[in-house]
Amino acid sequence: MHAIDLAIFAIYMLAMLGVGFFFLKKNKDTDDYYVGGRKMGSWHVGLSVVATDVGGGFSIGLGGLGFTMGIAGSWMLFTGLIGAWLAAVLLIPKVSRLSKLHNFLTFPQIFGHFYNGHVALLAGVISAIGYIGFTSSQILAGAKLASASFVELDLNTALIIMGVIAIVYTVMGGMKAVIYTDTIQWIILMSGLIFIGIPLGYMAIGGYDAISTILPAEYLSFGNIKWQTFVNWGITIIPIWFVGMTLYQRIYSCRGEKEARKAWFIAGLFEWPVMAMMGVLLGLFARVAAEQGMFVDLGFATVGDIDSEMGLPLLLRSILPVGLMGLMMSAYFSAIMSTADSCLMAASGNILTDVLGRWLHIGKSEKSILRTSQVLTLVIGIAALILATFMQNVLELMLYSYAFMVSGLFVPVIAALFVKNSSSLAAFLAMLTGGIVTLTLILSQQKLPLGLDANFYGITSSLVMFIVVNEVRKKQKLKHA
(Lines give C-alpha, C1' and ligand atoms only; values in the text may rest on other atoms or scores of the structure.)
Protein backbone atom coordinates (compact mmCIF):
# COMPACT_ATOMS: atom_id res chain seq x y z
CA MET A 1 0.00 0.00 0.00
CA HIS A 2 1.27 3.48 -0.93
CA ALA A 3 2.38 5.96 1.73
CA ILE A 4 -0.58 8.23 0.90
CA ASP A 5 -3.01 5.37 1.49
CA LEU A 6 -1.29 4.50 4.76
CA ALA A 7 -1.52 8.12 5.87
CA ILE A 8 -5.26 8.27 5.09
CA PHE A 9 -5.81 5.01 6.91
CA ALA A 10 -3.77 6.10 9.94
CA ILE A 11 -5.61 9.44 10.19
CA TYR A 12 -8.93 7.59 10.12
CA MET A 13 -7.88 5.19 12.89
CA LEU A 14 -6.63 8.06 15.05
CA ALA A 15 -9.95 9.86 14.52
CA MET A 16 -11.88 6.84 15.81
CA LEU A 17 -9.64 6.68 18.89
CA GLY A 18 -10.25 10.41 19.31
CA VAL A 19 -14.02 9.85 19.45
CA GLY A 20 -13.49 7.28 22.19
CA PHE A 21 -11.29 9.69 24.16
CA PHE A 22 -13.86 12.50 23.76
CA PHE A 23 -16.64 10.40 25.29
CA LEU A 24 -14.30 9.13 28.01
CA LYS A 25 -14.70 12.58 29.54
CA LYS A 26 -18.45 12.74 28.91
CA ASN A 27 -19.58 9.46 30.54
CA LYS A 28 -20.81 10.09 34.08
CA ASP A 29 -22.38 6.72 34.96
CA THR A 30 -23.33 3.28 33.59
CA ASP A 31 -26.47 4.75 31.96
CA ASP A 32 -24.21 6.92 29.81
CA TYR A 33 -21.71 4.10 29.21
CA TYR A 34 -24.12 1.30 28.25
CA VAL A 35 -27.25 3.02 26.84
CA GLY A 36 -26.06 6.48 25.79
CA GLY A 37 -28.12 8.33 28.41
CA ARG A 38 -31.39 7.09 26.77
CA LYS A 39 -31.58 10.18 24.54
CA MET A 40 -30.57 8.94 21.08
CA GLY A 41 -32.53 9.72 17.88
CA SER A 42 -33.86 7.27 15.28
CA TRP A 43 -31.38 7.93 12.45
CA HIS A 44 -28.30 7.65 14.66
CA VAL A 45 -29.64 4.45 16.20
CA GLY A 46 -30.94 3.02 12.90
CA LEU A 47 -27.60 3.47 11.17
CA SER A 48 -25.85 2.10 14.23
CA VAL A 49 -28.11 -0.98 14.20
CA VAL A 50 -27.42 -1.82 10.56
CA ALA A 51 -23.72 -0.99 10.92
CA THR A 52 -23.58 -3.39 13.86
CA ASP A 53 -25.66 -6.15 12.27
CA VAL A 54 -24.14 -6.06 8.79
CA GLY A 55 -20.76 -4.72 9.82
CA GLY A 56 -17.48 -5.98 8.52
CA GLY A 57 -18.14 -9.65 9.17
CA PHE A 58 -21.20 -9.75 6.96
CA SER A 59 -19.51 -7.38 4.48
CA ILE A 60 -16.58 -9.77 4.10
CA GLY A 61 -18.93 -12.77 4.43
CA LEU A 62 -21.27 -11.44 1.73
CA GLY A 63 -18.27 -10.94 -0.52
CA GLY A 64 -17.46 -14.62 0.06
CA LEU A 65 -21.03 -15.60 -0.85
CA GLY A 66 -20.91 -13.50 -4.01
CA PHE A 67 -17.62 -15.19 -4.89
CA THR A 68 -19.06 -18.71 -4.49
CA MET A 69 -22.75 -18.39 -5.48
CA GLY A 70 -23.40 -14.96 -7.01
CA ILE A 71 -26.28 -12.58 -6.34
CA ALA A 72 -28.41 -15.27 -4.63
CA GLY A 73 -26.12 -14.80 -1.62
CA SER A 74 -28.02 -11.55 -0.95
CA TRP A 75 -30.94 -13.59 0.43
CA MET A 76 -28.93 -13.95 3.64
CA LEU A 77 -29.68 -10.33 4.57
CA PHE A 78 -33.29 -10.55 3.39
CA THR A 79 -33.79 -12.50 6.60
CA GLY A 80 -32.30 -9.47 8.39
CA LEU A 81 -35.00 -7.25 6.87
CA ILE A 82 -37.72 -9.67 8.05
CA GLY A 83 -36.23 -9.85 11.54
CA ALA A 84 -35.88 -6.08 11.88
CA TRP A 85 -39.44 -5.33 10.83
CA LEU A 86 -40.95 -8.12 12.93
CA ALA A 87 -39.06 -6.82 15.96
CA ALA A 88 -40.27 -3.26 15.25
CA VAL A 89 -43.90 -4.43 15.29
CA LEU A 90 -43.87 -7.15 17.95
CA LEU A 91 -40.94 -6.53 20.29
CA ILE A 92 -40.21 -2.82 20.59
CA PRO A 93 -43.64 -1.67 21.87
CA LYS A 94 -43.30 -3.99 24.88
CA VAL A 95 -39.57 -3.65 25.54
CA SER A 96 -39.39 0.14 25.14
CA ARG A 97 -42.07 0.71 27.80
CA LEU A 98 -40.43 -1.73 30.22
CA SER A 99 -37.01 -0.15 29.77
CA LYS A 100 -38.33 3.29 30.70
CA LEU A 101 -40.15 1.93 33.75
CA HIS A 102 -37.24 -0.12 35.12
CA ASN A 103 -34.15 1.57 33.63
CA PHE A 104 -32.90 -1.65 32.05
CA LEU A 105 -29.29 -1.71 30.84
CA THR A 106 -29.12 -5.24 29.39
CA PHE A 107 -31.19 -7.84 27.59
CA PRO A 108 -31.16 -10.50 30.38
CA GLN A 109 -32.83 -8.02 32.75
CA ILE A 110 -35.98 -8.78 30.75
CA PHE A 111 -35.67 -12.37 32.03
CA GLY A 112 -35.18 -11.15 35.57
CA HIS A 113 -38.39 -9.14 35.26
CA PHE A 114 -40.56 -11.92 33.84
CA TYR A 115 -38.88 -14.95 35.44
CA ASN A 116 -36.29 -14.88 38.25
CA GLY A 117 -32.63 -14.16 38.97
CA HIS A 118 -31.43 -17.64 38.04
CA VAL A 119 -32.94 -17.36 34.55
CA ALA A 120 -31.44 -13.88 34.11
CA LEU A 121 -28.03 -15.16 35.21
CA LEU A 122 -28.08 -18.02 32.68
CA ALA A 123 -29.26 -15.64 29.96
CA GLY A 124 -26.36 -13.34 30.79
CA VAL A 125 -23.84 -16.18 30.50
CA ILE A 126 -25.26 -17.40 27.14
CA SER A 127 -25.39 -13.87 25.72
CA ALA A 128 -21.87 -13.01 26.88
CA ILE A 129 -20.36 -16.18 25.38
CA GLY A 130 -22.17 -15.57 22.08
CA TYR A 131 -21.01 -11.97 21.84
CA ILE A 132 -17.42 -12.81 22.69
CA GLY A 133 -17.51 -15.17 19.70
CA PHE A 134 -19.12 -12.50 17.55
CA THR A 135 -16.53 -9.92 18.55
CA SER A 136 -13.85 -12.44 17.55
CA SER A 137 -15.44 -12.81 14.12
CA GLN A 138 -15.18 -9.07 13.51
CA ILE A 139 -11.55 -8.91 14.59
CA LEU A 140 -10.86 -11.85 12.24
CA ALA A 141 -12.67 -10.03 9.40
CA GLY A 142 -10.50 -6.97 9.96
CA ALA A 143 -7.36 -9.06 10.04
CA LYS A 144 -8.24 -10.82 6.77
CA LEU A 145 -8.87 -7.48 5.11
CA ALA A 146 -5.64 -6.00 6.46
CA SER A 147 -3.46 -8.99 5.55
CA ALA A 148 -4.86 -8.98 1.99
CA SER A 149 -4.27 -5.23 1.68
CA PHE A 150 -0.79 -4.93 3.20
CA VAL A 151 1.73 -7.29 1.60
CA GLU A 152 4.10 -7.37 4.57
CA LEU A 153 1.37 -7.97 7.16
CA ASP A 154 0.65 -11.54 8.28
CA LEU A 155 -2.76 -12.56 9.66
CA ASN A 156 -1.74 -12.82 13.33
CA THR A 157 -0.10 -9.38 13.38
CA ALA A 158 -3.18 -7.95 11.67
CA LEU A 159 -5.37 -9.59 14.34
CA ILE A 160 -3.44 -7.86 17.11
CA ILE A 161 -3.56 -4.44 15.42
CA MET A 162 -7.29 -4.60 14.65
CA GLY A 163 -8.13 -5.98 18.08
CA VAL A 164 -6.19 -3.32 19.97
CA ILE A 165 -7.76 -0.40 18.06
CA ALA A 166 -11.35 -1.66 18.41
CA ILE A 167 -10.90 -2.57 22.08
CA VAL A 168 -9.24 0.70 23.13
CA TYR A 169 -11.80 3.15 21.75
CA THR A 170 -14.71 1.00 22.98
CA VAL A 171 -13.23 0.76 26.48
CA MET A 172 -12.80 4.53 26.60
CA GLY A 173 -16.03 5.77 25.08
CA GLY A 174 -18.83 3.29 25.81
CA MET A 175 -22.18 3.33 23.98
CA LYS A 176 -22.10 6.99 22.91
CA ALA A 177 -18.75 6.43 21.21
CA VAL A 178 -20.11 3.26 19.64
CA ILE A 179 -23.27 4.85 18.21
CA TYR A 180 -21.61 8.03 16.94
CA THR A 181 -18.66 6.19 15.41
CA ASP A 182 -21.12 3.70 13.89
CA THR A 183 -22.90 6.56 12.12
CA ILE A 184 -19.61 7.95 10.79
CA GLN A 185 -18.39 4.50 9.82
CA TRP A 186 -21.59 3.55 8.03
CA ILE A 187 -21.62 6.76 5.97
CA ILE A 188 -17.97 6.15 5.02
CA LEU A 189 -18.68 2.54 4.02
CA MET A 190 -21.77 3.38 1.95
CA SER A 191 -19.97 6.23 0.18
CA GLY A 192 -16.94 4.05 -0.46
CA LEU A 193 -19.00 1.22 -1.96
CA ILE A 194 -21.32 3.39 -4.07
CA PHE A 195 -18.78 5.87 -5.43
CA ILE A 196 -15.53 3.88 -5.41
CA GLY A 197 -15.67 0.09 -4.97
CA ILE A 198 -18.57 -0.93 -7.22
CA PRO A 199 -18.02 1.38 -10.23
CA LEU A 200 -14.24 0.83 -10.35
CA GLY A 201 -14.62 -2.92 -9.83
CA TYR A 202 -17.23 -3.14 -12.59
CA MET A 203 -15.01 -1.27 -15.06
CA ALA A 204 -11.83 -3.15 -14.09
CA ILE A 205 -13.28 -6.58 -14.90
CA GLY A 206 -14.82 -5.48 -18.21
CA GLY A 207 -18.44 -4.89 -17.23
CA TYR A 208 -21.47 -7.06 -17.90
CA ASP A 209 -20.02 -8.67 -21.02
CA ALA A 210 -17.13 -10.12 -19.03
CA ILE A 211 -19.42 -11.23 -16.19
CA SER A 212 -21.88 -13.01 -18.47
CA THR A 213 -19.10 -14.62 -20.52
CA ILE A 214 -16.89 -15.85 -17.69
CA LEU A 215 -19.38 -16.91 -15.01
CA PRO A 216 -22.10 -19.60 -15.21
CA ALA A 217 -25.62 -18.19 -15.68
CA GLU A 218 -26.68 -19.21 -12.15
CA TYR A 219 -24.34 -16.57 -10.68
CA LEU A 220 -26.78 -13.96 -11.98
CA SER A 221 -29.88 -15.77 -10.73
CA PHE A 222 -31.66 -15.16 -7.42
CA GLY A 223 -32.77 -18.79 -7.63
CA ASN A 224 -29.25 -20.16 -7.20
CA ILE A 225 -29.91 -21.28 -3.63
CA LYS A 226 -31.17 -24.43 -1.90
CA TRP A 227 -34.26 -24.11 0.29
CA GLN A 228 -32.29 -25.53 3.21
CA THR A 229 -29.76 -22.72 2.93
CA PHE A 230 -32.46 -20.04 3.06
CA VAL A 231 -34.20 -21.76 5.99
CA ASN A 232 -30.89 -22.09 7.85
CA TRP A 233 -30.18 -18.38 7.40
CA GLY A 234 -33.72 -17.54 8.50
CA ILE A 235 -33.71 -19.61 11.70
CA THR A 236 -30.35 -18.14 12.64
CA ILE A 237 -30.75 -14.46 11.72
CA ILE A 238 -34.46 -13.63 12.22
CA PRO A 239 -34.52 -14.70 15.92
CA ILE A 240 -31.36 -12.71 16.71
CA TRP A 241 -33.47 -9.54 16.40
CA PHE A 242 -35.38 -10.79 19.44
CA VAL A 243 -32.42 -11.90 21.56
CA GLY A 244 -29.49 -9.65 20.54
CA MET A 245 -28.05 -7.71 23.45
CA THR A 246 -26.67 -5.06 21.05
CA LEU A 247 -30.20 -4.48 19.76
CA TYR A 248 -31.79 -4.20 23.20
CA GLN A 249 -29.13 -1.67 24.21
CA ARG A 250 -30.17 0.45 21.24
CA ILE A 251 -33.87 0.17 22.09
CA TYR A 252 -32.99 1.39 25.58
CA SER A 253 -30.82 4.16 24.07
CA CYS A 254 -33.73 5.67 22.09
CA ARG A 255 -35.76 8.59 23.40
CA GLY A 256 -38.93 6.54 23.08
CA GLU A 257 -40.87 3.79 21.31
CA LYS A 258 -41.56 5.86 18.18
CA GLU A 259 -37.85 6.58 17.61
CA ALA A 260 -36.92 2.94 18.23
CA ARG A 261 -39.47 1.55 15.75
CA LYS A 262 -38.42 4.06 13.09
CA ALA A 263 -34.78 3.09 13.66
CA TRP A 264 -35.61 -0.59 13.07
CA PHE A 265 -37.51 0.14 9.84
CA ILE A 266 -34.54 2.19 8.60
CA ALA A 267 -32.14 -0.60 9.52
CA GLY A 268 -34.21 -3.24 7.68
CA LEU A 269 -34.17 -1.35 4.39
CA PHE A 270 -30.45 -0.74 4.58
CA GLU A 271 -29.87 -4.46 5.24
CA TRP A 272 -31.78 -5.57 2.16
CA PRO A 273 -31.57 -4.73 -0.65
CA VAL A 274 -28.97 -1.98 -0.17
CA MET A 275 -26.09 -3.60 1.70
CA ALA A 276 -26.90 -7.16 0.64
CA MET A 277 -26.64 -6.41 -3.07
CA MET A 278 -23.53 -4.27 -2.81
CA GLY A 279 -21.70 -6.95 -0.82
CA VAL A 280 -22.47 -9.87 -3.14
CA LEU A 281 -21.83 -7.82 -6.28
CA LEU A 282 -18.31 -7.00 -5.13
CA GLY A 283 -17.75 -10.68 -4.33
CA LEU A 284 -19.05 -11.61 -7.79
CA PHE A 285 -16.70 -9.05 -9.38
CA ALA A 286 -13.83 -10.61 -7.40
CA ARG A 287 -14.71 -14.06 -8.83
CA VAL A 288 -14.57 -12.68 -12.38
CA ALA A 289 -11.24 -11.00 -11.61
CA ALA A 290 -9.86 -14.26 -10.22
CA GLU A 291 -10.97 -16.18 -13.34
CA GLN A 292 -9.28 -13.51 -15.47
CA GLY A 293 -5.99 -14.03 -13.61
CA MET A 294 -5.98 -10.59 -12.02
CA PHE A 295 -4.55 -11.96 -8.76
CA VAL A 296 -1.67 -14.00 -10.24
CA ASP A 297 0.90 -11.30 -9.36
CA LEU A 298 -0.36 -11.42 -5.77
CA GLY A 299 0.48 -15.12 -5.51
CA PHE A 300 -2.90 -16.66 -6.44
CA ALA A 301 -2.51 -18.55 -9.71
CA THR A 302 -5.98 -20.17 -9.74
CA VAL A 303 -9.40 -19.58 -8.22
CA GLY A 304 -8.89 -22.66 -6.05
CA ASP A 305 -5.93 -20.96 -4.33
CA ILE A 306 -8.15 -18.18 -2.97
CA ASP A 307 -10.12 -18.19 0.28
CA SER A 308 -13.53 -16.94 -0.93
CA GLU A 309 -13.62 -14.31 1.84
CA MET A 310 -10.25 -12.94 0.65
CA GLY A 311 -11.51 -12.37 -2.90
CA LEU A 312 -13.12 -9.02 -2.17
CA PRO A 313 -10.11 -7.40 -0.43
CA LEU A 314 -7.80 -8.79 -3.15
CA LEU A 315 -10.01 -7.15 -5.78
CA LEU A 316 -9.90 -3.79 -4.01
CA ARG A 317 -6.15 -4.04 -3.62
CA SER A 318 -5.79 -4.75 -7.36
CA ILE A 319 -8.05 -2.07 -8.82
CA LEU A 320 -7.91 0.97 -6.58
CA PRO A 321 -5.50 3.82 -7.34
CA VAL A 322 -3.41 5.63 -4.73
CA GLY A 323 -5.58 7.62 -2.32
CA LEU A 324 -8.78 5.76 -3.09
CA MET A 325 -7.25 2.56 -1.68
CA GLY A 326 -6.81 4.27 1.69
CA LEU A 327 -10.37 5.58 1.62
CA MET A 328 -11.85 2.21 0.67
CA MET A 329 -9.86 0.33 3.29
CA SER A 330 -11.01 2.86 5.88
CA ALA A 331 -14.59 2.22 4.76
CA TYR A 332 -14.33 -1.53 5.27
CA PHE A 333 -12.45 -1.24 8.53
CA SER A 334 -15.23 1.14 9.59
CA ALA A 335 -17.81 -1.57 9.08
CA ILE A 336 -15.74 -4.12 10.94
CA MET A 337 -15.12 -1.94 13.96
CA SER A 338 -18.75 -0.79 14.08
CA THR A 339 -19.74 -4.38 14.81
CA ALA A 340 -16.79 -5.31 17.00
CA ASP A 341 -17.35 -2.37 19.35
CA SER A 342 -21.06 -3.09 19.78
CA CYS A 343 -20.53 -6.78 20.47
CA LEU A 344 -17.80 -5.95 22.96
CA MET A 345 -20.16 -3.57 24.76
CA ALA A 346 -22.85 -6.26 24.80
CA ALA A 347 -20.62 -8.92 26.34
CA SER A 348 -19.28 -6.43 28.89
CA GLY A 349 -22.79 -5.31 29.86
CA ASN A 350 -23.93 -8.90 30.27
CA ILE A 351 -21.08 -9.83 32.60
CA LEU A 352 -21.14 -6.60 34.61
CA THR A 353 -24.90 -6.40 35.14
CA ASP A 354 -26.25 -9.93 34.78
CA VAL A 355 -23.45 -12.25 35.85
CA LEU A 356 -21.28 -10.39 38.39
CA GLY A 357 -23.59 -7.49 39.22
CA ARG A 358 -24.80 -8.78 42.57
CA TRP A 359 -21.20 -8.80 43.86
CA LEU A 360 -19.58 -5.92 41.96
CA HIS A 361 -22.22 -3.29 42.74
CA ILE A 362 -22.40 -3.70 46.51
CA GLY A 363 -21.39 -0.47 48.26
CA LYS A 364 -19.79 0.96 45.10
CA SER A 365 -20.18 4.49 43.72
CA GLU A 366 -21.33 5.10 40.14
CA LYS A 367 -17.81 6.24 39.25
CA SER A 368 -16.33 3.04 40.64
CA ILE A 369 -18.84 0.87 38.74
CA LEU A 370 -18.03 2.80 35.54
CA ARG A 371 -14.32 2.04 35.98
CA THR A 372 -15.16 -1.63 36.59
CA SER A 373 -17.18 -1.60 33.34
CA GLN A 374 -14.16 -0.35 31.41
CA VAL A 375 -11.83 -2.94 32.92
CA LEU A 376 -14.31 -5.73 32.09
CA THR A 377 -14.61 -4.46 28.52
CA LEU A 378 -10.82 -4.60 28.21
CA VAL A 379 -10.58 -8.15 29.60
CA ILE A 380 -13.39 -9.43 27.36
CA GLY A 381 -11.82 -7.76 24.34
CA ILE A 382 -8.53 -9.56 24.99
CA ALA A 383 -10.41 -12.89 25.33
CA ALA A 384 -12.16 -12.26 21.98
CA LEU A 385 -8.83 -11.44 20.35
CA ILE A 386 -7.31 -14.70 21.60
CA LEU A 387 -10.32 -16.69 20.30
CA ALA A 388 -9.97 -15.05 16.87
CA THR A 389 -6.46 -16.50 16.51
CA PHE A 390 -7.94 -20.03 16.54
CA MET A 391 -10.58 -19.46 13.84
CA GLN A 392 -10.32 -19.33 10.03
CA ASN A 393 -13.77 -18.47 8.59
CA VAL A 394 -15.50 -15.20 9.49
CA LEU A 395 -19.04 -16.11 8.42
CA GLU A 396 -18.86 -19.52 10.09
CA LEU A 397 -17.74 -18.01 13.41
CA MET A 398 -20.50 -15.39 13.24
CA LEU A 399 -23.24 -17.89 12.47
CA TYR A 400 -22.03 -20.27 15.22
CA SER A 401 -22.19 -17.42 17.72
CA TYR A 402 -25.67 -16.45 16.54
CA ALA A 403 -26.83 -20.08 16.62
CA PHE A 404 -25.70 -20.58 20.22
CA MET A 405 -27.52 -17.46 21.45
CA VAL A 406 -30.68 -18.05 19.43
CA SER A 407 -31.05 -21.69 20.51
CA GLY A 408 -30.87 -20.84 24.18
CA LEU A 409 -32.69 -17.51 24.34
CA PHE A 410 -35.34 -17.27 21.61
CA VAL A 411 -38.08 -19.50 23.04
CA PRO A 412 -37.93 -18.10 26.61
CA VAL A 413 -38.00 -14.45 25.48
CA ILE A 414 -40.98 -15.02 23.16
CA ALA A 415 -42.77 -16.81 26.00
CA ALA A 416 -41.94 -13.99 28.43
CA LEU A 417 -43.42 -11.35 26.15
CA PHE A 418 -46.44 -13.22 24.78
CA VAL A 419 -47.37 -16.08 27.16
CA LYS A 420 -48.94 -15.20 30.51
CA ASN A 421 -47.49 -16.66 33.72
CA SER A 422 -44.67 -18.58 32.05
CA SER A 423 -42.72 -20.82 34.39
CA SER A 424 -39.20 -19.76 35.42
CA LEU A 425 -38.16 -23.42 35.61
CA ALA A 426 -39.46 -24.00 32.07
CA ALA A 427 -37.49 -21.01 30.81
CA PHE A 428 -34.29 -22.11 32.58
CA LEU A 429 -34.44 -25.69 31.29
CA ALA A 430 -35.40 -24.54 27.78
CA MET A 431 -32.34 -22.29 27.69
CA LEU A 432 -30.03 -25.05 28.88
CA THR A 433 -31.50 -27.60 26.47
CA GLY A 434 -31.40 -25.37 23.40
CA GLY A 435 -27.86 -24.17 24.01
CA ILE A 436 -26.46 -27.61 24.84
CA VAL A 437 -28.14 -29.36 21.89
CA THR A 438 -26.87 -26.76 19.40
CA LEU A 439 -23.36 -26.70 20.83
CA THR A 440 -23.16 -30.51 20.87
CA LEU A 441 -24.34 -30.81 17.26
CA ILE A 442 -21.94 -28.10 16.08
CA LEU A 443 -18.96 -29.71 17.82
CA SER A 444 -19.87 -33.20 16.56
CA GLN A 445 -19.66 -31.94 12.95
CA GLN A 446 -22.12 -34.62 11.88
CA LYS A 447 -24.36 -34.23 8.83
CA LEU A 448 -27.83 -33.46 10.20
CA PRO A 449 -31.24 -34.61 8.87
CA LEU A 450 -32.87 -32.56 6.07
CA GLY A 451 -29.66 -30.56 5.63
CA LEU A 452 -30.73 -28.09 8.34
CA ASP A 453 -28.32 -26.45 10.79
CA ALA A 454 -27.78 -27.39 14.42
CA ASN A 455 -29.73 -24.44 15.80
CA PHE A 456 -32.94 -25.65 14.09
CA TYR A 457 -32.76 -28.71 16.33
CA GLY A 458 -31.63 -26.58 19.26
CA ILE A 459 -34.63 -24.26 18.99
CA THR A 460 -36.99 -27.20 18.50
CA SER A 461 -35.66 -28.99 21.59
CA SER A 462 -35.86 -25.74 23.58
CA LEU A 463 -39.50 -25.27 22.54
CA VAL A 464 -40.44 -28.85 23.43
CA MET A 465 -38.75 -28.56 26.83
CA PHE A 466 -40.47 -25.26 27.56
CA ILE A 467 -43.95 -26.53 26.64
CA VAL A 468 -43.60 -29.75 28.63
CA VAL A 469 -42.22 -28.17 31.81
CA ASN A 470 -44.57 -25.18 31.63
CA GLU A 471 -47.59 -27.50 31.40
CA VAL A 472 -46.34 -29.62 34.30
CA ARG A 473 -45.87 -26.50 36.46
CA LYS A 474 -49.38 -25.27 35.58
CA LYS A 475 -50.90 -28.59 36.63
CA GLN A 476 -48.92 -28.54 39.89
CA LYS A 477 -50.20 -25.04 40.68
CA LEU A 478 -53.78 -26.06 39.96
CA LYS A 479 -53.36 -29.13 42.15
CA HIS A 480 -52.15 -27.03 45.09
CA ALA A 481 -54.65 -24.22 44.55
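In which helix does S99 lie? The tour reaches that residue after a view of the whole chain.

**The whole chain**

This is a predicted model, in which local features need pLDDT of at least 70, side-chain atom pairs count only at pLDDT 80 or more, and totals for chains, interfaces and linings use all residues. Residues are numbered from 1 along each chain as its sequence is written, and side-chain values use heavy atoms, with hydrogens and water left out.

Display the protein chain as a cartoon. It contains 19 helices and zero strands; these are DSSP runs numbered from the N terminus, with helices (H or I) of at least four residues and strands (E) of at least two. Along the principal axes, the C-alpha atoms fill a box of roughly 75 × 55 × 40 Å.

Next, colour by accessibility. Of the 481 residues, 60% count as buried, where buried means under 20% relative accessible area, exposed over 50% and partly exposed in between, with a 1.4 Å probe and protein chains only. Contacts (heavy atoms within 4.5 Å) may be considered as well: among those between residues at least 6 apart in sequence, 85% join residues at least 24 apart.

Select S99, which lies in helix 4 (residues 75-102). With a relative accessibility of 0%, S99 counts as buried. Apart from neighbours within four places in sequence, S99 is in contact with R38, F104 and Y252.

Move on to N103, in the loop between helix 4 and helix 5 (109-114). Although N103 is not a glycine, its phi is positive, at about 55°. N103 is partly exposed, having a relative accessible area of 46%.

**Aromatic rings**

Show the side chains of F104, F107, F111, Y115, Y248 and Y252, which ring pairs link into a cluster. Two of these residues, F104 and Y252, are also contacts of S99. Rings of Phe, Tyr and Trp (its six-membered ring) pair if their centres lie within 6.5 Å; planes under 30 degrees apart count as stacked, over 60 as edge-to-face and the rest as tilted.

The whole structure holds 16 aromatic pairs. To inspect one of them, select F242 and F410: the ring centres are 6.1 Å apart and the planes stand at 70°, so the pair is edge-to-face. F242 belongs to helix 10 (residues 240-243) and F410 to helix 17 (residues 394-418), so this pair ties together parts that are 168 residues apart in sequence. F242 itself is buried, with a relative accessible area of 4%.

Where is the cis peptide bond that has omega of about 15°? Select W272 and P273, the two residues that it joins. P273 lies in helix 12 (residues 257-291).

Continue to helix 13 (residues 311-319), which is mostly covered, with seven of its nine residues buried. The buried residues are G311, L312, P313, L314, L315, L316 and I319.

Finally, select Q445, found in the loop between helix 18 (424-444) and helix 19 (454-480). Q445 is a residue other than glycine with a positive phi, near 55°. Is Q445 buried or exposed? Its relative accessible area is 69%, and Q445 is therefore exposed.
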